[in-house]
Structure formats: C-alpha cells, structure tokens
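Biologist: I'm new to this one. Can you put it up and talk me through it?

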Amino acid sequence: MAADPLDELLQFLKPEARIDLRHIALDHLVGLSGTEEGITTLLSHDKIIQSIINLTDDKIEEVAKNALLILVNITANPRGVIELLKYKSDGNKNIVKLCIGYVLNPEKKDADAAAMILSNITRVETELESILDAFLPHLNDILNAYVNINFNKKGSNLNFIGPMISNLSCCHSIRKWLTEENPHIPLIKLLPFCSYELSNIRRGGAMGTIRNLSFDPEFHDFLLSNDLELLTYLLNPIMGGEEYIDEEMDTLPISLQYLPKEKQRENDIDIRKMILETLNKFCMRRKGREFLRDNGVYYVLREYHKWETDPKVRLACENVVDILIQKEDEVGAEDLSAVEVPDDMKEKFEKMDEDYIQEK
Amino acid sequence: MSEEAPKVAKQPMTDEERLALCQKLDKELDDFIDSLEKKRYTEGWSEDTWEEEMDKHPFFMKSTPEDGALSPLAEGLAKLKYDPEENTPLELAANYKEDGNFNFKHKNYRLAILGYTEGIKQRCNDAEINASLYNNRAASHWHLKNYRSALFDSEKALSFNANHTKARIRAAKAALEVTKYDTCIEHCQKLLEGESKDKEIVELLNTAKKKKQQQERDQRRKERKNEKDSEQKDQVIKAIIQRGIKISKCDDEDDIDLSKLEPSLPGAQDAIVHIEDGVLRWPLLLLYPEFQMTDFIRGCPENVPLLNQLEQVFPAPWDEENKYSCSKINVYFEGYDKMPHVIDPSKNLGDLLVTKYYELKAGTPAFFILPRGSVVERRFLESYI
C-alpha cells in the first residue's frame with residue numbers, strides 16, 4: 001500500500017530511535033523544508049512537526065541544529081508561523097517560550113537558529129500581541145544578550161536578537177518599556193549598536209527599533225531630548241568625511257563635528273532608508289522640525305544627497321529636505337500628519353514618486 | 001636663713017630661746033615677703049595676654065609656632081607621641097593622622113599633608129587607616145587645587161578600600177579637573193552602580209561626557225587642519241617644481257621643502273608662499289637702495305604683473321622729489337651669478353621668477369628699484385663690477 005512516506009519517517013524521529021537514523025531522517029526533512037511545497041507537506045503532518053519541535057532539544061547537537069533549521073525554514077513564511085504557534089513542546093512550552101529559553105542559554109550551541117525563528121515569528125504582526133506575554137518576563141535578559149556580544153559561549157553571535165527587538169517594538173508596551181527607567185533606560189543601551197560594524201543585522205535591529213519608536217509621536221519628546229543624543233546615532237551613518245564650513249559644522253552634534261576624511265557612510269541601503277524614514281517622522285511636528293534644523297540635519301542631508309545613488313532613498317532624502325528648507329510659516333501646520341490629503345491628490349503624489357524612481 | 005640655724009644648735013635650747021628664735025624667723029620671713037611685695041610679680045602671664053601666652057605653651061598650644069621652632073618641652077612631648085621606639089606603626093600612623101586632621105580642620109592643608117605623609121610612611125598594615133590617610137591627603141591636595149595629586153591619592157585610597165565612596169567621588173572630581181575624562185566617567189559609573197542615584201554624580205558624569213566629546217572634537221579638528229596644511233604644503237612644493245623656479249640652497253627638486261621658503265624678514269614667517277585655487281601667492285620685497293627703504297607685500301599672485309604691485313606702493317611717502325613712479329624707474333634683481341639683471345615689470349611675477357639667472361632667496365622674491373638713468377642707478381650697477 002502507498003503509505004505516506006512521512007508517516008514512516010515518524011518512527012525514526014522518536015528520541016529513542018537510533019542516532020544515525022534520527023540523523024538521516026532529519027536531513028531529509030531539512031531538504032524538504034527548503035521549498036514551499038515541502039513546507040506545505042510538513043505542516044499537514046502534525047505529528048512530524050511535533051517530533052521536530054521535540055528534537056530541538058536533542059542531546060546530539062547536530063540533530064538539534066537540524067530540527068531548529070527546519071523551524072527556521074517553516075517560520076520564513078507567515079502561514080508557517082501561524083501554524084507553528086499552535087504546538088507545544090514536551091515540557092508544555094509553546095515554540096516562543098522554547099526559543100527564548102534557547103536564546104537565553106549561553107551554553108546552547110544553536111542559539112542563533114532559535115534567534116532566527118524568533119525574528120521570523122515576531123515579524124508576523126497579526127500574531128504579535130498573542131505571543132507578547134512570553135517575552136515580557138525576559139525583556140531585560142534579552143536586551144542583555146543583545147548588548148553583550150559574547151553572551152553565548154558556544155559561538156553563536158545572536159545577531160538576530162536585533163531584528164527581533166525591532167519587530168517587538170511594533171507593540172506599544174515594548175516601546176514604553178524601551179523608553180522607561182528600569183533601572184536603566186533600555187534604549188540607551190541599544191543606541192551604540194547603530195554603528196556596530198560587525199553585523200548589519202544587529203545594526204539594523206537597533207535602527208529599526210528607533211524607527212518604530214519614531215512612528216509613535218508619543219515618544220518624540222523623549223527621543224529628541226538632548227541627553228539621549230539620538231541624533232548623533234542617526235546622522236553618523238549617513239555622514240562621510242565631507243567638509244562643512246565652520247558655521248555649518250558648529251550646528252552639528254558635537255560628536256559628529258570634523259569627522260575624519262576616511263569616514264565611510266552606511267553601506268546597507270535598508271538601514272539608510274530607515275534613518276530617513278525616522279527623520280521624516282520627526283518632521284511631522286513643529287518641535288521636531290526645529291530640532292532637526294537647529295542641529296544641522298539639513299547640511300548633512302545636502303551632502304548625503306550628493307552621494308546617494310539609490311533613487312528610492314534619494315526620494316526619501318528629498319522628502320525630508322523639502323520640509324526642512326521651508327521656514328515654519330511656509331510649512332504652515334504644527335502637525336503635518338494631521339493634514340488631510342484628498343485621495344485623488346494622494347494618488348497623484350504616489351504617481352509622482354513612482355515616476356521619480358523610474359527616471360533614475 | 002638656714003645658715004644661721006646650725007651655729008646655735010650645739011646645746012639644747014631653752015624654751016625662751018626657742019620662742020625668741022621663732023619670733024626672729026617669723027620676723028625675717030615677714031621682712032622678706034614685705035620686700036617682695038614692693039615690686040610686682042612680672043614673670044607670669046598678664047591678665048591681658050594670658051590667652052596668647054597659653055597658646056604659646058607646648059601643653060596648650062593649638063598650632064605650632066609660625067617660625068616652626070619648637071620649645072624643648074614641646075619636642076619632648078612630640079618625641080613621646082612620635083618615637084618609633086615608644087609606638088607601633090599603627091599607633092604612629094593613627095597619631096600622624098590625628099595630627100593631619102587637626103591641621104586640616106584649621107585649613108593648614110600643607111601641614112596636614114605633611115602629617116598624612118608621615119602616617120603613610122609608617123606602612124602599617126591596617127588597610128582602613130591607610131585608605132583614610134590617603135583619602136585625607138587627597139582632600140588636602142584638593143583644597144590646595146593640586147588636582148593631579150588629589151586624583152593619585154584618591155585612587156591610592158581606593159586601592160586600600162574600593163568601597164570608599166568619598167575617595168571615589170573625589171577621584172572623579174579631580175579627574176575632571178585634570179581633563180582625564182575617561183577616568184572620571186569610570187569612577188562615576190562605579191558610583192552609580194550602587195542603588196543611590198546621586199544627582200551630583202549624574203551631573204558630573206554628564207559634564208565629563210560632554211567635555212570628552214569636546215576634547216575629541218577638538219582633536220579631530222586639529223587633525224583635519226594638519227592634514228589640510230600638509231596638503232597645502234605639498235601643493236605649493238609641487239607647483240614650484242612644476243614652474244621650474246630655482247630655489248637657493250636647493251640642489252635638486254627633492255631638496256625643496258618649506259623651511260627653505262620661509263621669509264627671513266623678522267615677523268614675516270607667516271607670509272610664506274601659499275597656494276589658492278592653483279595660483280601661487282608670494283611675499284614680495286621691494287628695495288630702494290637710494291633711501292635704504294623697503295616695501296614688503298604679502299600674497300602677490302603669480303599671474304599678475306609686477307607693475308600692479310608697484311602701482312600700489314607709489315607714490316612713496318619718503319619720495320619727496322617724486323622721483324619714483326612706474327614710468328621713471330628700472331627694476332633689477334640679483335641673479336645667482338651675483339650680477340644685477342634688469343627686468344620688465346609689466347611681466348607677470350611668475351614669469352619673472354623663471355627668468356634666466358633668477359634664484360629665489362629666503363622664499364621671498366626681491367627687486368631693486370632705482371630711478372632710471374640716475375646717479376644712484378649708476379652707482380648701484382658699478383658696485384657689482
């Protein structure tokens with residue numbers, strides 16, 4: 001009879017199965033999880049999924065690793081995430097709790113894969129609120145693992161905690177946590193990673209978190225307070241070793257004045273884009289605009305614009321510049337986000353943007 | 001009085017005799033006292049000055065005499081307190097510390113430092129007292145504005161007792177004063193690790209961070225300026241080589257450096273040739289042998305005729321007879337053949353510098369100006385023959 005081959009595999013996935021068989025069976029499943037159809041097939045076999053989850057804690061590291069890799073592949077698409085969240089491990093933990101445990105265990109060899117799974121899961125916004133409870137008790141520990149680059153003793157770098165925190169910051173409660181003392185303000189610890197050279201994933205996580213915060217006007221006053229020096233971290237990546245005349249130089253944040261000639265700009269286009277989106281958000285309100293003007297952001301963008309070659313990011317840059325070069329009476333609105341744009345105009349603007357990007 | 005007594009004591013005295021003697025002695029004593037009362041007691045402390053006197057007495061003095069000399073009694077007392085044979089190192093250290101504290105209280109910080117230093121020298125093995133000696137000496141240094149020493153001593157105190165909060169606060173403050181901002185930040189952060197969120201420390205930390213940023217900015221600015229300057233210099237040298245200008249005392253192109261282009265005129269070093277938008281700008285020396293006068297002009301562009309510069313200086317204030325004007329003069333330079341060469345001032349300065357026999361001395365093009373066909377001119381030319 002034509003029994004489903006996957007059901008046959010099931011017996012080899014049991015913890016008591018022979019090591020080499022467990023190994024071969026999992027290898028096969030890793031291959032299967034590499035394709036969309038494969039994932040669909042896997043998801044239709046709940047027992048297989050259950051076995052894989054259980055094997056993530058297998059004593060044989062190679063086996064645990066493969067089990068985690070399959071889950072990374074499955075969570076790469078939102079449907080996989082939604083399905084996977086329905087399962088629980090042997091110890092009656094859901095997949096989120098399980099992975100948090102791996103990430104926070106300095107002795108777990110494949111903590112990176114667990115971090116990737118969490119990064120994938122948190123990306124699915126519809127599920128975010130429901131899984132948040134699993135994170136809340138561990139936020140300080142997670143942050144600690146993020147800022148402590150040697151947290152994992154078995155060679156995992158845990159860079160993917162970055163995007164995970166960034167994803168989490170789509171939740172208001174996380175944004176609140178990031179900006180409140182407890183006993184330190186978490187965001188302050190995060191900021192230095194905006195210029196963490198060794199990994200653009202970790203770096204992007206920090207920048208993405210700032211961007212998410214900037215989307216919430218509630219935090220603008222906090223973000224733009226002088227003590228935080230957020231602007232220093234935001235502008236540094238889009239500045240090179242260009243020269244400014246003294247009057248312009250004096251307006252810049254002090255740590256960014258007279259940067260060495262060999263200073264390079266951020267090479268990751270997504271990070272550059274996030275920076276401009278953030279600046280754009282700060283332009284929404286008068287206070288923010290004035291702050292940006294007072295700190296020479298216009299000059300930095302002027303020089304940056306000469307350098308940027310990607311049309312999308314150039315457009316994002318011009319959008320900010322267009323607002324900043326206006327005097328406040330020309331802007332004519334305290335809060336730009338409150339200005340209602342008729343739908344037909346909206347379409348027109350979007351069309352203009354399209355054309356601009358196409359031209360280049 | 002006692003001299004008389006043995007002479008009469010050979011035989012037992014009668015009662016009368018004894019009585020008479022007693023009366024006699026009483027009388028003598030009365031007489032003696034009477035004679036004393038006549039002059040006042042002058043060796044004691046007067047009522048007006050007793051406080052002052054008491055201060056001077058070793059038993060009671062509150063500070064050592066200003067001339068530093070100790071009375072023998074004070075010395076003896078001091079020996080009792082400070083003699084190593086009488087005291088253990090710990091006792092001595094404690095004594096010296098007490099001494100230092102006393103002086104510290106009276107703001108005699110220098111003396112206090114001496115006391116604490118002696119205490120430290122005892123090298124007693126009590127960490128607490130050593131920490132305290134160093135901390136107190138640091139405080140004394142602090143009041144004397146010896147911030148470097150205050151920092152050193154505070155850190156020394158911390159080496160004996162890492163939890164000495166006062167010492168750490170002083171270390172942080174002193175570090176700020178001597179612009180060791182990293183050290184200050186480190187101490188502040190250690191202080192803030194404890195639960196107490198002292199506002200003063202937070203402020204100190206922020207100040208240090210800001211100053212550090214400034215310091216780093218200034219450093220970067222300086223580096224950029226240096227870079228620019230040396231770039232400028234390279235450009236100048238490159239331009240001079242390109243133009244083919246001969247520099248005195250330079251054997252070949254590799255030998256040219258800016259030190260050979262510095263004007264030797266007093267106060268004119270900063271007028272050294274520089275380059276602006278690819279144009280060399282020279283300092284220029286005009287000499288008038290007749291009047292032993294000179295003109296010094298800064299920043300003359302190489303692409304402008306020498307005549308333009310001359311037009312600027314004429315008429316000269318010393319030229320009362322109006323002999324010097326652009327149409328009435330000859331312009332010479334002294335070539336490396338040690339001979340005068342007449343030139344056409346309507347040529348650009350840059351072209352003149354590459355005339356045959358021309359050699360640039362002291363980085364400053366120099367020209368002799370003489371009234372054409374004058375006696376002075378003839379004499380000038382004859383002096384070369």
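**Salt bridges and the interface**

Modeller: Start where the chains meet: A:E243 and B:K228 pair through their side chains in a salt bridge, 3.3 Å from N to O. A salt bridge here is a side-chain nitrogen of Lys or Arg within 4 Å of a carboxyl oxygen of Asp or Glu. This is a predicted model: local features need pLDDT of at least 70, side-chain atom pairs count only at pLDDT 80 or more, totals for chains, interfaces and linings use all residues, and side-chain values use heavy atoms, with hydrogens and water left out. Residues are numbered from 1 along each chain as its sequence is written, while chains are lettered from A and ligands numbered from 1 in the order in which they are written.

Biologist: How many salt bridges cross the interface of chain A and chain B?

Modeller: The rule finds two. There are also eleven residue pairs in polar contact between chain A and chain B, both at pLDDT 80 or more. A polar contact is a pair of N or O atoms within 3.5 Å; within protein, one must be able to donate a hydrogen and the other to accept it, and residues adjacent in sequence count only if both atoms are side-chain atoms.

Biologist: How much area do chain A and chain B bury between them?

Modeller: About 1,200 Å², with 41% of it on carbon and sulfur atoms. Buried area is the accessible area (1.4 Å probe) that two parts lose on being put together, summed over both.

Biologist: Which three residues supply 49% of what chain A buries against chain B?

Modeller: A:I254, A:Y258 and A:K261, more than any other three residues.

Biologist: And how many residues does each chain bring to the contact?

Modeller: Chain A gives 14 residues and chain B gives ten. Contact means heavy atoms within 4.5 Å.

Biologist: New topic. How many salt bridges are there over all chains?

Modeller: A search of the whole structure finds 40. One of them joins A:D58 to A:R22, with the closest N and O atoms 3.1 Å apart. The two are 36 residues apart: A:D58 is in the loop between helix 4 and helix 5 (61-75) of chain A, and A:R22 is in helix 2 (residues 19-32). Helices (H or I, at least four residues) and strands (E, at least two) are DSSP runs, numbered from the N terminus.

Biologist: Is A:D58 buried or exposed?

Modeller: A:D58 is buried, at 12% relative accessibility. A:R22 is buried as well, at 6%. Buried means under 20% relative accessible area, exposed over 50%, partly exposed in between (1.4 Å probe, protein chains only).

Biologist: What about A:E328 and A:R293?

Modeller: They form a salt bridge too, the closest N and O atoms being 2.9 Å apart. A:E328 sits in helix 22 (residues 328-331) and A:R293 in helix 19 (residues 286-294) of chain A. A:E328 is buried at 13%, but A:R293 is partly exposed at 24%.

Biologist: Which residues are linked in a network of salt bridges?

Modeller: A:E248, A:R302, A:E303 and A:K306.

Biologist: Last one. What does UniProt list for residues 103-273 of chain A?

Modeller: The unreviewed entry gives "domain: Protein HGH1 N-terminal" there. UniProt positions are in the numbering used here, feature names are shortened, and annotations may be inferred rather than shown by experiment. That span is 53% helix and 0% strand, and its end C-alpha atoms are 29 Å apart.
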